[in-house]
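Subject: Structure for your review

Dear colleague,

Please find below the structure that I am handing over to you. My findings on the ligand and its surroundings follow it.

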Amino acid sequence: MTGSAGRFTTIDEVACGRDARVYTEGWQSWSPTTWYRLDEPARLPEDPVRAAMRFRAGALPPQTGFQGEGLLVLDPGDGEPVRCYGVDRTTAIPSIRAEVDGSTVRISTDGDPAGVKRVDAAGVAPALGRYGDRLARAAGVGELRPAPTAWCSWYRYFEDVAPADIEENLTAIEDRDLPVEVIQLDDGWEVGVGDWTENVRFGSLAPLADLIRSRGRRAGIWLAPFVATADSELARTHPDWLVGDAGANWGAPLRGLDLGRPDVRDWLRGVVARLADLGFDYFKLDFLYGGALTRTPEDPDGTRAYRAGLATVREGAGPEAYLVGCGAPILPSVGLVDAMRVSPDTFHPEGQDGSTGLRGEMGARARAWQQGRLWVNDADCLVARPSFPLREPWADVVREVSGLRSCSDRIAELDEWGLTTVRDLLGHTPPPTPFLTEGTHD
Ligand code: 9PG
């Protein structure tokens, strides 16, 4: 479950104090990303499915020590500058490790040592800010667009969503004059993952998109364009389009798409363009890590194919569409998405009772520095109904570190606090610029 095949070359050795901390950038949106004390164990995959869905294929972290994907930060904890070790490119992303030996930390990489740049600054926020600015410049990130506010079906309806639910909430949003710009249909409309046509419950998305737009809101849609379940029609008809092991969900093994193939990209462009033609102009692009499983000598970590795939999605969606990455490789997405999920889900269906905690808090806080530099940070939906016991602390996290503001309740189930909080958080979206207080590791 751990260990990488590649060789690691030492690039630095640093004497550290007792308050030293290490930050490890996770591979994708859902990967653990946080600051650790040197004596803390790093988070490791519990099983092969989680390894595929939370970590990086072929580059699992070591049993001891720390590993970041393309970026690792060391605060020596003795008043000396914070050191960011990171790449200023978006393909061929090396792993970067920190090994602790007494009070010395050894930094190493499995990539070209010259490609790992060091950015030093006095303090965590200035160091990560400087690194983020540099990466954004190298990746050609243009002016960032303000994120529209959204209502999302997932955290209330999950896969059982039906057109009537969308219409009910659209009307409820109007009646209460809530500051929601996009009505975003999540998972549940499609025949299957890989088979991006409407299931029997939806029939056609055309009337639904028309309804949303005729009532003055934007239409948003979820899709997982870079994966397919092994039992999909796509897998049956085009087995040669699929690569790797992308974990499992929807009751089946998941495979990635080989986005290095022009025929796959042509198909992908068509899938997205059809939805754009129906009137959708906000796309929640999920499980994107499946697009970086291609391995060739020219593209050894699949990141070139991945970026070609994301560029194809943009072609299909059109230049004005708002693209939100989710389950997406972090560094390889820079410059190609408008917003990025920087944390795991608010909850999975079994966690609506609060029993699984604030799953999104750790990553959303640690990655706050990415806001306004790489993209707009999406910490995931606010859930404001009274039945979610963690709604108050979760709203605080969203208020503090989410640049994209969305909510996901049946509006009719909101009490006074819920309505006030939706109004407040969605009515005060931060600008697409860095957060003023990006915090420290403590
Ligand atoms: C729709 C959902 C929502 C959600 C996304 C994503 O590891 N897993 O099995 C796993 C399942 C679902 C999931 C993340 C991981 O959630 O983050 O907002 O859109 O898909 O299916």
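A pocket, as the word is used here, is an open set of grid points with protein on both sides within 12 Å along at least five of seven lines. In this predicted model, the largest pocket is the space taken by the ligand.

The ligand is surrounded by 17 residues, of which Asp-186, Asp-187, Lys-284, Asp-286 and Asp-345 are the closest. Sorted by class, this shell holds eight nonpolar, two polar and seven charged residues.

For Asp-345 the distance is 2.5 Å. For Asp-187 it is 2.8 Å, and for Asp-286 it is 2.8 Å. Of the 460 Å² of accessible area that the ligand has on its own, the protein covers 91%.

Which elements give two or more residues to the shell around the ligand? They are helix H1 (48-54) and helix H3 (154-157). As for the domains, domain 1 (3-139) and domain 2 (150-441) each supply at least three residues to the shell.

Yours sincerely,
A colleague

Conventions:
Residues are numbered from 1 along each chain as its sequence is written. This is a predicted model: local features need pLDDT of at least 70, side-chain atom pairs count only at pLDDT 80 or more; totals for chains, interfaces and linings use all residues. Side-chain values use heavy atoms; hydrogens and water are left out. A residue is near a molecule or strand if one of its heavy atoms lies within 4 Å of it. A polar contact is a pair of N or O atoms within 3.5 Å; within protein, one must be able to donate a hydrogen and the other to accept it, and residues adjacent in sequence count only if both atoms are side-chain atoms. Accessible areas come from the Shrake-Rupley method with a 1.4 Å probe; for residues, only the protein chains shown count as cover. On a 1 Å grid over the protein atoms alone, a cavity is a set of points where a 1.4 Å probe fits but cannot get out, and a pocket is an open set with protein on both sides within 12 Å along at least five of seven lines; lining residues have an atom within 4 Å of a point. A molecule sits in a cavity or pocket if more than half of its atoms lie within 2 Å of its grid points. Helices (H or I, at least four residues) and strands (E, at least two) are DSSP runs, numbered from the N terminus. Ala, Val, Leu, Ile, Met, Phe, Trp, Tyr, Cys and Pro count as nonpolar, Asp, Glu, Lys and Arg as charged, and the others, Gly among them, as polar. Domain bounds come from an automatic or database domain assignment.
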